[in-house]
Structures are given as structure tokens and as C-alpha cells.
Amino acid sequence: QVQLVESGGGSVQTGGSLRLSCAASGLTYSTKCMGWFRQAPGKEREEREGVATIYTRDGRTYYADSVKGRFTISQDNAKNTLYLQMNSLKPEDTAAYYCAASADWRLCSRIYTDSYFWGQGTQVTVSS
């Protein structure tokens with residue numbers, strides 16, 4: 001059974017930093033994409049934005065333009081953990097952040113679909 005557990009969210013001021021973690025279990029070798037999506041206040045689940053993803057086989061990363069240069073996704077295979085380092089946070093980064101995993105290449109392309117494995121989410125709030 002696949003389980004993804006996020007942690008590390010919180011409240012920060014503009015310009016601050018946070019590091020999100022996603023502890024994964026039950027994944028198989030077929031899982032080739034993992035990533036972070038966010039759901040802004042008032043948005044529906046289907047409107048989740050893929051902010052950063054990683055091709056787990058070789059570590060290639062993919063970012064939304066809105067977070068390039070500020071966010072860094074990484075993986076620690078020994079700990080089965082995915083990270084998202086978020087720097088220079090802005091109020092528009094406020095959202096619930098979700099970890100996702102799949103064998104579906106669309107995840108690496110930051111495309112949302114409900115068929116991925118999803119965590120329960122962690123809230124990030126950035127105040128001005």
C-alpha cells in the first residue's frame with residue numbers, strides 16, 4: 001500500500017523559507033515521477049498546480065515558471081523522502097501543498113490527474 005506523508009508546512013513572512021518533506025512507502029520501481037502540487041485557496045482539486053517534479057530514475061527536475069529560481073525539489077533515495085526547498089516565498093505561494101507519485105509520465109510534466117498517489121497535504125501560508 002502506497003503512503004505519502006507530507007510535513008514541514010507553516011506560516012512565514014514574505015521572503016522567508018520553508019522545506020517540505022514527503023516520506024514515501026510502498027512505492028515500486030515503476031514509480032518514475034514524483035512531485036509537488038499546490039492548491040490555492042478557493043481552487044478546486046482539479047486545479048492543483050504542479051510546481052516541481054522529478055524523474056526519479058535520473059533526477060531530472062521540472063519547475064513551474066512561477067517558482068523557478070526559488071524552489072528546489074530533491075530526493076533522498078536512502079530515506080525514501082522527497083523534499084521541496086522553498087526560498088523567497090511570496091504571498092501568492094500560499095496554498096496547500098501535496099506530494100504525488102506515479103508511474104505516469106504526465107506527473108513529471110506537471111499535469112494534474114486524480115489517478116496519482118497523493119499525500120494528505122500540508123499548508124503553507126505566506127504573509128506580507
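**Close-up 1. The left-handed disulfide of Cys22 and Cys99.** The torsion about the S-S bond of Cys22 and Cys99 is about -75°, so this disulfide is left-handed. Cys22 sits in strand 3 and Cys99 in strand 9 (residues 95–102), so the pair ties together parts that are 77 residues apart in sequence. In this predicted model, the two sulfur atoms are 2.1 Å apart. Cys22 counts as buried because its relative accessibility is 0%, and Cys99, also at 0%, counts as buried too.

**Close-up 2. The disulfide of Cys33 and Cys108.** Here the sulfur atoms of Cys33 and Cys108 are 2.0 Å apart. Cys33 belongs to strand 4 (residues 33–39) and Cys108 to helix 1 (residues 105–108), so this link joins parts that are 75 residues apart in sequence. The angle about the S-S bond is -110°, and the link is left-handed. Both Cys33 and Cys108 are buried.

**Close-up 3. Both links in one view.** A search of the whole structure turns up two disulfides. With the bonded cysteines numbered in sequence order, they pair 1-3, 2-4.

**Close-up 4. The largest pocket and its lining.** Take a look inside: this pocket, the largest, has a volume of about 300 Å³. Its lining is made up of 16 residues, and Leu27, Thr31, Thr56, Asn77 and Asn80 lie nearest the centre. Strand 3 (18–25), strand 7 (71–76) and strand 8 (81–86) each contribute at least two residues to the lining of the largest pocket. By residue class, the lining comprises five nonpolar, nine polar and two charged residues.

Key: Residues numbered from 1 in each chain as written. Predicted model: local features only at pLDDT ≥ 70, side-chain atom pairs only at ≥ 80, totals over all residues. Heavy atoms only, no water. 1 Å grid on protein atoms, 1.4 Å probe; cavity = no way out; pocket = protein on both sides within 12 Å on 5 of 7 lines; lining within 4 Å. Points joined across faces, edges and corners; volume = space filled by probe spheres on them. Helix = DSSP H or I, 4+ residues; strand = E, 2+ residues; numbered from the N terminus. Nonpolar A, V, L, I, M, F, W, Y, C, P; charged D, E, K, R; others polar. Disulfide = S-S within 2.5 Å. Buried < 20%, exposed > 50% of the residue type's maximum accessible area, 1.4 Å probe, protein only.
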